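Let's walk through this structure together, one place at a time. Keep the sequence beside you as you read.

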Amino acid sequence: MSDSSWGAPPPAGPARYWGPTEGGPVQGAAPAGPAYDAPEAQHTRPMPIVPDESAQGGADNRRAARVSGSLFQDEFRSEPAPTRTVPAENQNPEPMPDAHQPAPAPQKKSAGRDLSAAIGVGVGLGVVIIASLFVWKPAFVGVIAVAVVVGLWELTSRLRERKGIKAPLVPLAVGGAAMVVAGYVRGAEGAWVAMALTALAALVWRMTESPEGYLKDVTAGVFAAFYVPFLATFVAMMLTAGDGPWRVLTFLLLTVVSDTGAYAVGWRFGRHKLAPRISPGKTREGLLGAVLFAMVAGALCMQFLIDHGSWWQGLLLGLSVAASATLGDLGESMIKRDLGIKDMGTLLPGHGGIMDRLDSLLPTAPVVWLLMVLFVGSA
């Protein structure tokens, strides 16, 4: 603003006014402030009117000017800002943003089971299996039959408890044990005949009860006969070869190694869910771990344990076992999710039930049996 704009007279009233006009200060003007006492100032504007203290009732009604921005801005305060009373029960002030807050303690991953019990039970089962497998083959067939009967009991019990399905256990247990023995003695032909007779026995046995629910009961019975004893029969058929115990041992080792690799890698590195709607705990990283572990174990087993076997056959065998074991695990997870249970039983501490250990073994048995026959024959 130029100096010519200062030509207007000061407002009337008992106020002191300072204006840098050519004539100098107005008569009776107050001393200039420390920032504006130079008459050469070029960019200024009138200061606010300060009323006489005696006429306005003292300093309480004083109007103060405050510096704001590059020039002045008047601010008038006639009364203090109202305060709000907060009830005592609501006086919970939030911590200051810069206040030091204790860091949350890191949460340690949990395996979800009693590992000591699981390892102990696993070692005990391993001793029984190895002893019966290499001492006397029929003894191992008996171990398979017992596992089948217990697995059928767990499965039919859960179906009855959770869904009200009455699958006939007696014909299934008798027919399942006979199926395993027939597969060992007569091969695939004997297994198929025993399977057909078991299904027929289940249909006839259920006729002794009310017709209500007959269809779902016998359907569940046929499913149970195929799922547990018929698939287990392929383990007995593997045993009939000259190196049968080593084939069965390879089958067991690859399945256990696949499960172990999936658990170890998935627990440590798992980030991406494999099938969250079926089994939220399984990850894609765990599947890669299962494939890697099983392929390495398969190459070693086929090269050093199986007659006329080769390491490259073991790679294919390990890959197939990892796929079938994972699918078998997911399949039983679907059953348990449909039933609304976590485990099929409590017979094995740290593991659950027998069916919780057979879930990956059962669908893997026919895969290993077939590949062994293709790679090295059945003799």
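A145 sits in helix α3, which covers residues 137-163. Helices here are DSSP runs of H or I with at least four residues, strands are runs of E with at least two, and both are numbered from the N terminus. The model is a predicted one, in which local features need pLDDT of at least 70 and side-chain atom pairs count only at pLDDT 80 or more, while totals for chains, interfaces and linings use all residues. Residues are numbered from 1 along each chain as its sequence is written, and side-chain values use heavy atoms, with hydrogens and water left out.

Is A145 buried or exposed? With a relative accessible area of 12%, A145 is buried; the term buried means under 20%, exposed means over 50%, and partly exposed lies in between, using a 1.4 Å probe and protein chains only. Leaving aside neighbours within four places in sequence, A145 is in contact with A177 and V180, where contact means heavy atoms within 4.5 Å. The C-alpha atoms of A145 and T233 are separated by 9.1 Å, although these residues are 88 apart along the chain.

Now step back to the whole chain. Ten helices and four strands make up its secondary structure, and along the sequence they follow the pattern α-β-β-α-α-α-α-α-β-β-α-α-α-α. Of the 379 residues in the chain, 35% are buried. Among contacts with a separation of 6 or more, 68% come from residues 24 or more positions apart.

Next, look at two serines. S132 belongs to helix α2 (residues 115-135) and is buried, its relative accessible area being 9%. Its side chain reaches the backbone oxygen of V128 at 2.9 Å and the backbone oxygen of I129 at 3.1 Å. Not counting residues up to four places away in sequence, S132 touches K137, A139, F140 and V143.

S279 is in strand β4 (residues 279-283), and a relative accessible area of 10% makes S279 buried. The side chain of S279 makes a polar contact with the side chain of K282, at 3.1 Å. A polar contact is a pair of N or O atoms within 3.5 Å; within protein, one must be able to donate a hydrogen and the other to accept it, and residues adjacent in sequence count only if both atoms are side-chain atoms. Beyond four places in sequence, S279 is in contact with L330 and S333.

How do two helices meet? Two packed helices are described by the angle between their axes and the distance between the axes. Helix α5 (residues 214-239) and helix α6 (residues 244-269) pack at an angle of about 140°, with axes 7 Å apart. The two helices are therefore oblique to each other, as angles under 35 degrees count as roughly parallel, over 145 as roughly antiparallel, 65 to 115 as roughly perpendicular and the rest as oblique. V235, M238 and L239 in α5 meet G244, P245, R247, V248 and F251 in α6.

F251 also touches L361, T364, A365 and V368, among others, not counting residues up to four places away in sequence.

Finally, visit a loop. H308 lies between α7 (284-304) and α8 (311-339). Its phi is near 65°, a positive value in a residue other than glycine. H308 is exposed, with a relative accessible area of 75%.

Methods: Axes are lines fitted to C-alpha atoms, for helices over the stretch in contact, and angles run from 0 to 180 degrees between N-to-C directions.
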